[in-house]
Amino acid sequence: MALDGPRARPLVPPAADGPPFEGDEVLPCGRLLSRVWEQARDAVPAADPHALSCPHCRGAVEGLAAVSAATRALRAEDTGGLHALAARVMGVVRAEVRRGRLLPLAGPGRDARIAERVAAKVLRRAADTVPGARAVTCRLAPVGDGTGVRVTMTLAVALDHPLPERVRQVRRSVLHSAGQDLGLAVTAVDIAVVDVLEPAPAPEPSRRPGLPGGSGT
């Protein structure tokens with residue numbers, strides 16, 4: 001079973017999964033969605049440690065199992081509106097895949113959640129507020145008992161200032177935004193510089209009145 005979503009896919013998926021079908025979905029862990037579903041139906045996960053421990057694979061299988069069960073039930077009923085219903089169900093599934101995993105927000109009971117895609121957008125914007133830095137990618141993942149979050153970010157930076165200091169500024173900005181704007185309990189921010197930006201041009205010096213080129217009389 002394949003989902004045709006707009007999210008970016010690796011050009012070369014893991015060799016163990018073989019070539020993807022047209023429109024196949026690649027999970028964040030690198031596994032093909034069609035391959036994960038085939039393994040689940042064939043009871044292969046028991047022999048596959050990755051399938052047992054990976055939250056992406058387990059979540060995909062649970063979602064597709066629910067869709068499969070609903071489809072089997074519908075086959076026994078009137079099929080007049082089956083295609084329209086299937087289209088709506090698949091639309092919900094695609095939206096869930098694009099949204100990414102749900103992350104816990106720090107607060108009473110920790111019952112509130114935020115989608116990874118939404119949180120990553122906010123943290124990329126926080127990184128971009130540092131002059132000479134631009135966020136390229138941002139991923140978030142739960143850590144420990146699931147109440148903390150680890151941020152992994154790649155940056156493009158200008159080299160007009162020392163690189164370590166600029167990375168520290170970005171880390172401080174991301175941590176502040178995660179805590180103040182989102183309420184995420186971030187335990188670590190891993191940053192890798194992957195590209196170089198052209199430094200911003202220096203502002204032209206202002207001219208004092210009365211000097212050549214100034215506005216004095």
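**A walk around the sheet**

What we have here is a predicted model, in which local features need pLDDT of at least 70, side-chain atom pairs count only at pLDDT 80 or more, and totals for chains, interfaces and linings use all residues. Residues are numbered from 1 along each chain as its sequence is written, and side-chain values use heavy atoms, with hydrogens and water left out.

Now, the strand pairing. Strand β4, residues 148-158, runs parallel to β5, and the two pair over 10 bridges. Pairing here requires that DSSP finds at least two bridges between two strands. Helices (H or I, at least four residues) and strands (E, at least two) are DSSP runs, numbered from the N terminus.

Which order do the strands take in the open sheet? The order is β3-β4-β5, 3 strands with mixed pairing. At the edges sit β3 (133-143) and β5 (186-197), each pairing on one side only. On average, neighbouring strands of this sheet are turned by 15° against each other, direction ignored.

Next come the helices. Helix α5, residues 116-128, packs on the sheet and touches β3 and β4, and its direction makes about 140° with that of β3. Helix α6, residues 163-182, also packs on the sheet, touching β3, β4 and β5, at about 135° to the direction of β5. Contact means heavy atoms within 4.5 Å; axes are lines fitted to C-alpha atoms, for helices over the stretch in contact, with angles from 0 to 180 degrees between N-to-C directions.

Stepping back, the protein has 6 helices and 5 strands, in the pattern α-α-α-α-β-β-α-β-β-α-β along the sequence. Thanks, everyone!
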